[in-house]
Amino acid sequence: MPPKFKRHLNDDEVTGSVKSERRNLLEEDSDEEEDFFLRGPSGPRFGPRNDKIRHVQNQVDEVIDVMQENITKVIERGERLDDLQDKSESLSDNATAFSNRAKQLRRQMWWRGCKMKAVIALVAVILLLVIIIPIVLKYRS
């Protein structure tokens, strides 16, 4: 069965002195009563039992380290999600502004097209009048 947690060192390399940074800081500032809870009883060594306890303690230390890393990663992920949310809101605002500006520009271009058509129609009417009026006046007289 594969191990559930990633191990950095094998059992032979792991000693009682390998502990997390937080544990070391706690041990430096602790008194005798706190030492008991951090290090366990400091009575005589009983060989295999002490090895088992050390092995279990090392596994607990590994689990603590993994959980601290996981908590750090979750916090960093939360910060990245906040940044992503801010960027998406900004993008949404920019998209709305772009859409409004595009509608306004489309209206302006439509009015320009209408004005151009009106000017062309007016020029055509004037040209027709300039051509037709002299011809009509010539045949009337």
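Colleague: What share of the 141 residues in the protein chain is buried?

Modeller: Buried residues make up 8% of them. This is a predicted model, and its accessible surface comes to about 13000 Å², with 61% belonging to carbon and sulfur atoms.

Colleague: Which elements does the protein chain contain?

Modeller: Three helices and zero strands. From the N terminus on, the order is α-α-α.

Colleague: What does UniProt list for residues 81–108?

Modeller: An unreviewed entry there lists a "coiled-coil region". In the model, that stretch is 100% helix and 0% strand, and its end C-alpha atoms are 40 Å apart.

Colleague: Why is Tyr-139 called exposed?

Modeller: Exposed means a relative accessible area over 50%. Tyr-139 has 71%, so Tyr-139 counts as exposed. Its place is in helix α3, which covers residues 48–140.

Colleague: Which residues form a nonpolar patch with Tyr-139?

Modeller: The patch on the surface also includes Leu-122, Ile-126, Leu-128, Val-130, Ile-131, Ile-132, Ile-135 and Val-136. Together with Tyr-139 they have about 910 Å² of accessible area.

Colleague: How many aromatic pairs does a search of the whole structure find?

Modeller: One. The rings of Trp-110 and Trp-111 have their centres 5.0 Å apart, and a pair needs centres within 6.5 Å.

Colleague: What makes the pair of Trp-110 and Trp-111 edge-to-face?

Modeller: The angle between the planes. Planes over 60 degrees apart count as edge-to-face; those of Trp-110 and Trp-111 stand at 75°, so the pair is edge-to-face.

Colleague: Is Trp-110 buried or exposed?

Modeller: Trp-110 has 52% relative accessibility, and the cut-off for exposed is over 50%, so Trp-110 counts as exposed.

Terms used. Residues are numbered from 1 along each chain as its sequence is written. This is a predicted model: local features need pLDDT of at least 70, side-chain atom pairs count only at pLDDT 80 or more; totals for chains, interfaces and linings use all residues. Side-chain values use heavy atoms; hydrogens and water are left out. Helices (H or I, at least four residues) and strands (E, at least two) are DSSP runs, numbered from the N terminus. Buried means under 20% relative accessible area, exposed over 50%, partly exposed in between (1.4 Å probe, protein chains only). Accessible areas come from the Shrake-Rupley method with a 1.4 Å probe; for residues, only the protein chains shown count as cover. UniProt positions are given in the numbering used here, feature names are shortened, and annotations may be inferred rather than shown by experiment. Patches are made of residues with over 30% relative accessible area and no salt bridge: like charges are joined within 9 Å, nonpolar side chains (Val, Leu, Ile, Met, Phe, Trp, Tyr) within 5 Å. A salt bridge is a side-chain nitrogen of Lys or Arg within 4 Å of a carboxyl oxygen of Asp or Glu. Rings of Phe, Tyr and Trp (its six-membered ring) pair if their centres lie within 6.5 Å; planes under 30 degrees apart count as stacked, over 60 as edge-to-face and the rest as tilted.
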